[in-house]
Amino acid sequence: MLRKTLLAASLASVLLASPAMAQDSAPAEDKVLATVNGEKIMESEVRATQQGLPAQYRQYPFEALKPMLLDREISQRLLTMAGEKDGLNDDAEVKDRVAAMKRRIVAETYLDRQIDKIVTEDAVKKRYDEFVKTNEPENEVHARHILLENEADAKAVIKELDGGADFAELAKEKSTGPSGPNGGDLGFFTHDQMVPEFADAAFKMEPGSYSKEPVKTQFGWHVIKVEETKKGEQPSFEEKRNELAAELTQDAYKKLIADLRADAKIDNTLETPEAKESK
């Protein structure tokens with residue numbers, strides 16, 4: 001599956017997770033882990049309980065959590081039996097909540113299946129090809145800098161560099177920026193990863209050169225040295241895959257909702273008269 005559903009997880013996934021939710025991770029042969037008043041609790045049900053927990057718990061190995069999850073499922077089963085004994089199967093509140101839960105699950109499942117038809121591997125590859133055609137790869141610069149509090153200090157540093165001082169050593173000694181202890185090394189960056197004034201100056205410089213005039217930005221005064229430049233490369237399909245799948249999913253969701261709304265008669269009592277007239 002290329003995307004996560006756009007709807008919120010249903011209440012069922014938290015309280016009464018269905019065994020079907022755990023099919024991907026369940027073993028081929030299901031096991032009975034416990035019985036409660038003669039009623040079996042299957043391993044697939046306990047796995048499903050884990051899927052209904054917050055994300056941080058879903059990342060733990062199932063075997064490590066299995067005793068805790070099973071204990072939780074036993075408690076849940078006892079509560080269910082007690083509620084049924086009290087006649088809650090026919091309780092109006094229970095029926096209303098089950099109906100609301102069913103609406104959410106039906107909507108979620110319909111959305112998932114419709115998007116699965118659209119957001120296929122071929123569709124994502126096609127979107128990637130379009131991305132490559134319409135987006136030029138960004139060139140990158142590897143630079144160092146010495147950040148100073150005022151222009152006079154920056155000019156003094158440039159004077160030392162003109163006299164043969166080592167840029168990295170001066171950065172360690174004088175830079176007020178966080179990269180100072182590392183010799184002012186900023187690594188490779190694209191133009192849009194830096195503030196405009198800094199990026200404009202760095203991308204105009206030749207490898208091996210340093211700025212002859214201080215560069216002022218919102219952070220202070222910079223002396224910049226460009227170590228090397230390299231031609232930008234397009235990100236691979238695998239690097240862009242999740243992002244493009246998410247874009248396709250969002251597009252598919254918006255179109256699906258728009259089409260459904262266009263074919264529906266909706267009387268929204270909270271909608272303003274002006275909004276209704278504009279439709």
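This is a predicted model: local features need pLDDT of at least 70, side-chain atom pairs count only at pLDDT 80 or more; totals for chains, interfaces and linings use all residues.
For the geometry of the pair, I looked up helix H7 (residues 151-162) and helix H8 (residues 167-174): their axes come within 10 Å and cross at roughly 150°. With angles over 145 degrees counting as roughly antiparallel, that makes H7 roughly antiparallel to H8.

Next I wanted the residues that make this contact. On the H7 side I found Val157, Glu160 and Leu161, and on the H8 side Phe167, Leu170 and Lys174. Sorted by class, the contact of H7 with H8 has four nonpolar residues, two charged and no polar.

**Second pair**

I then turned to helix H5 (residues 92-118) and helix H10 (residues 237-262). They pack at an angle of about 120°, and their axes are 10 Å apart. I had to check the word for that angle: roughly perpendicular covers 65 to 115 degrees and roughly antiparallel starts over 145, so H5 is oblique to H10. I also noted the hand of the crossing of H5 and H10, which is right-handed.

Which residues make the contact here? From H5 I listed Tyr110, Leu111, Gln114, Ile115 and Ile118; from H10 came Thr249, Ala252, Tyr253 and Leu256. The contact of H5 with H10 divides into seven nonpolar residues and two polar, with no charged ones.

**A loop residue**

Most residues other than glycine have a negative phi. Asn37 is not a glycine, yet its phi is positive, at about 50°. Where does Asn37 sit? I found Asn37 in the loop between strand E1 (32-36) and strand E2 (39-42). Is Asn37 buried or exposed? Its relative accessibility is 68%, and exposed means over 50%, so Asn37 counts as exposed.

**The whole chain**

To close, I stepped back to the chain itself. I counted eleven helices and six strands in the protein chain. Of its 279 residues, 32% count as buried. The protein chain exposes about 18,600 Å², and carbon and sulfur atoms supply 51% of that area.

My last look was at contacts along the sequence. Among contacts in the protein chain with a separation of 6 or more, 66% are between residues 24 or more positions apart.

How values were computed
Residues are numbered from 1 along each chain as its sequence is written. Side-chain values use heavy atoms; hydrogens and water are left out. Helices (H or I, at least four residues) and strands (E, at least two) are DSSP runs, numbered from the N terminus. Buried means under 20% relative accessible area, exposed over 50%, partly exposed in between (1.4 Å probe, protein chains only). Contact means heavy atoms within 4.5 Å. Accessible areas come from the Shrake-Rupley method with a 1.4 Å probe; for residues, only the protein chains shown count as cover. Axes are lines fitted to C-alpha atoms, for helices over the stretch in contact, and angles run from 0 to 180 degrees between N-to-C directions. Angles under 35 degrees count as roughly parallel, over 145 as roughly antiparallel, 65 to 115 as roughly perpendicular and the rest as oblique. A crossing is left-handed if the near helix is turned anticlockwise from the far one by less than a right angle, and right-handed if clockwise. Ala, Val, Leu, Ile, Met, Phe, Trp, Tyr, Cys and Pro count as nonpolar, Asp, Glu, Lys and Arg as charged, and the others, Gly among them, as polar.
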